[in-house]
Amino acid sequence: MNYDDLLAILGNFSGYQLRNYVMLCIPIILCAFHKLSNVFILGKMGHRCRLTPEESINSSFTLTNEILSSSYPFENGKFSNCSYFTDHYFAKNKTLHDELQCAGDYIWDDSKFQSSALQEFELVCDRNFYKASSDSLFMIGVFCGSFLFGHLSDKYGRRKVFVLSLISQLIFGFLTAFSTSFLTFTIFRMVSWSRIFEVFSFSLLG
């Protein structure tokens with residue numbers, strides 16, 4: 001018996017297959033949303049050191065060339081966004097010309113993104129590697145989820161684990177949005193994606 005003979009017995013593509021296909025497309029679309037959300041959640045925002053405590057955190061990111069040249073070191077073809085001069089443009093004491101690192105006090109460029117986790121957790125300058133670590137742990141969630149939930153689906157059935165994956169995606173995706181620290185933010189994203197990956201796998205295999 002060849003494939004064409006078997007297809008004649010099973011029947012052609014009909015409403016039942018169409019309904020299942022459409023329903024399985026929904027979690028796959030959610031997979032894409034979660035996967036591509038990194039671009040927006042950790043959106044890169046321009047930043048510069050806040051020169052004085054009196055400067056409002058809502059101050060304009062853009063400064064004149066006169067202020068920039070007298071306040072920030074010029075490095076690698078641009079003004080530094082992680083250090084500034086002690087005798088900057090607004091300094092009252094201009095006797096010392098030392099270079100200081102930003103002490104976690106930045107003015108942000110919100111022209112592209114109004115806010116992001118990069119800004120909220122200040123993942124810039126000497127904390128820049130945290131962003132890469134978060135992305136790496138995110139993919140570790142994919143790796144671990146493929147083994148863990150693949151095993152559970154073989155043991156307890158795909159439907160049960162499929163539903164568990166959807167519920168877990170909802171819970172941990174919600175918790176990610178309301179994370180108050182970088183650690184919880186990274187953990188929730190990692191756990192959330194480990195479930196989403198399995199939803200995608202079950203959709204293809206089911």
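Modeller: Let us begin with aromatic pairs: rings of Phe, Tyr and Trp (its six-membered ring) pair if their centres lie within 6.5 Å, and planes under 30 degrees apart count as stacked, over 60 as edge-to-face and the rest as tilted. F121, F129, Y130, F182 and F185 form one aromatic cluster. This is a predicted model, in which local features need pLDDT of at least 70 and side-chain atom pairs count only at pLDDT 80 or more, while totals for chains, interfaces and linings use all residues. Residues are numbered from 1 along each chain as its sequence is written, and side-chain values use heavy atoms, with hydrogens and water left out.

Biologist: The structure holds 9 aromatic pairs. Why is the pair of Y130 and F182 called edge-to-face?

Modeller: The ring centres of Y130 and F182 are 5.2 Å apart and the planes stand at 70°, so the pair is edge-to-face. Y130 belongs to helix α6 (residues 129-156) and F182 to helix α8, so the pair ties together parts that are 52 residues apart in sequence. Helices (H or I, at least four residues) and strands (E, at least two) are DSSP runs, numbered from the N terminus.

Biologist: What makes the pair of F174 and F178 tilted?

Modeller: The centres of the F174 and F178 rings are 4.8 Å apart and their planes lie at 45°, so this pair is tilted.

Biologist: How is D105 classed, and why?

Modeller: D105 has 31% relative accessibility and therefore counts as partly exposed. D105 is placed in the loop between β5 (99-101) and β6. Not counting residues up to four places away in sequence, D105 touches R48, C49 and R50, where contact means heavy atoms within 4.5 Å.

Biologist: What does F121 contact, leaving aside its neighbours within four places in sequence?

Modeller: F121 is in contact with R127, S179, T180, S181, F182 and F185 when those neighbours are left aside.

Biologist: Why does V163 count as partly exposed?

Modeller: The relative accessibility of V163 is 41%, so V163 counts as partly exposed. V163 is found in helix α7 (residues 158-177). From C-alpha to C-alpha, D105 and V163 are 44 Å apart in space, and they are 58 residues apart in sequence.

Conventions. Buried means under 20% relative accessible area, exposed over 50%, partly exposed in between (1.4 Å probe, protein chains only).
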